[in-house]
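Open the model in your viewer, keep the sequence panel handy, and follow along from stop to stop.

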Amino acid sequence: MSNEKYLNNYVEVLTGTMTDAVIRNISLQASNKVAEETIAELSRIIEELNQNGAVLSKELEELKTSKTNFDNVKHQI
């Protein structure tokens, strides 16, 4: 009888422990997937912002050149 109680309790604790471990594992995997997707999306956004920054810098340089040319023409007039 004692062995049967021990075995029943052992199986009950083992089942609970395994269930907890599986649920924790699934939760961690889901969190990891969300984090990886978020990182990928943010990396893409950063790349786009860097490209936009480069375009804006080029346009700013062109505007500075145009202003300099305009000032030179204005002084000549």
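How many positive and negative side chains does the chain have, and how far apart do the centres of the two sets lie? Colour by charge and you'll find 8 positive and 12 negative side chains, with the two centres 7 Å apart. Lys and Arg count as positive and Asp and Glu as negative, while His and the chain ends are not counted. The place of a charge is taken as NZ of Lys, CZ of Arg, CG of Asp or CD of Glu.

Some ground rules before moving on. This is a predicted model, where local features need pLDDT of at least 70 and side-chain atom pairs count only at pLDDT 80 or more, while totals for chains, interfaces and linings use all residues. Residues are numbered from 1 along each chain as its sequence is written, and side-chain values use heavy atoms, leaving out hydrogens and water.

**The whole chain**

Switch to cartoon and zoom out: there is 1 helix and there are 0 strands. (Helices are DSSP runs of H or I with at least four residues, strands are runs of E with at least two, and both are numbered from the N terminus.) Helix 1 covers residues 2-76. Along its principal axes, the C-alpha trace spans about 110 × 10 × 5 Å. The radius of gyration of the chain is 33 Å, whereas a compact globule of 77 residues would come out near 11 Å. That radius is taken over C-alpha atoms, and the globule rule is 2.2 Å times the number of residues to the power 0.38.

Now colour by accessibility. What share of the 77 residues counts as buried? The share is 0%. Here buried means under 20% relative accessible area, exposed means over 50%, and partly exposed is in between (1.4 Å probe, protein chains only). The chain exposes about 7300 Å², and carbon and sulfur atoms supply 60% of it. Those areas come from the Shrake-Rupley method with a 1.4 Å probe; for residues, only the protein chains shown count as cover.

**A nonpolar patch**

Select Y6, L7, Y10, V11, L14 and M18 and show a surface. Together these residues form a nonpolar patch with about 630 Å² of accessible area. To join a patch, a residue needs over 30% relative accessible area and no salt bridge; nonpolar side chains (Val, Leu, Ile, Met, Phe, Trp, Tyr) are joined within 5 Å, like charges within 9 Å. Click on V11, which sits in helix 1 and is partly exposed at 44% relative accessible area.

**Salt bridges**

The criterion is a side-chain nitrogen of Lys or Arg within 4 Å of a carboxyl oxygen of Asp or Glu.

- Select R44 and E48. Their closest N and O atoms are 2.9 Å apart. The two residues are 4 apart in helix 1, so about one helical turn separates them. R44 is partly exposed at 45% relative accessibility, and E48 is partly exposed too, with 39%.
- Select E61 and K64. In this bridge the closest N and O atoms are 3.9 Å apart. Both residues lie in helix 1, 3 residues apart, about one turn of the helix. K64 is partly exposed with a relative accessible area of 45%, and E61 is partly exposed with 45%.
- Select K67 and D71. Their side chains meet at 3.1 Å, N to O. Being 4 residues apart in helix 1, this pair is also separated by about one helical turn. K67 counts as exposed, with a relative accessible area of 52%.

- How far apart in space are T38 and N52? The distance is 21 Å, for 14 residues in sequence. T38 is in helix 1 and partly exposed at 37% relative accessibility.
- From A54 to N25, 29 residues along the chain, the C-alpha atoms are separated by 43 Å. A54 is found in helix 1 and counts as partly exposed at 47%.
- T65 and I23 are 42 residues apart in sequence and 63 Å apart in space. T65 belongs to helix 1 and is partly exposed, with a relative accessible area of 44%.
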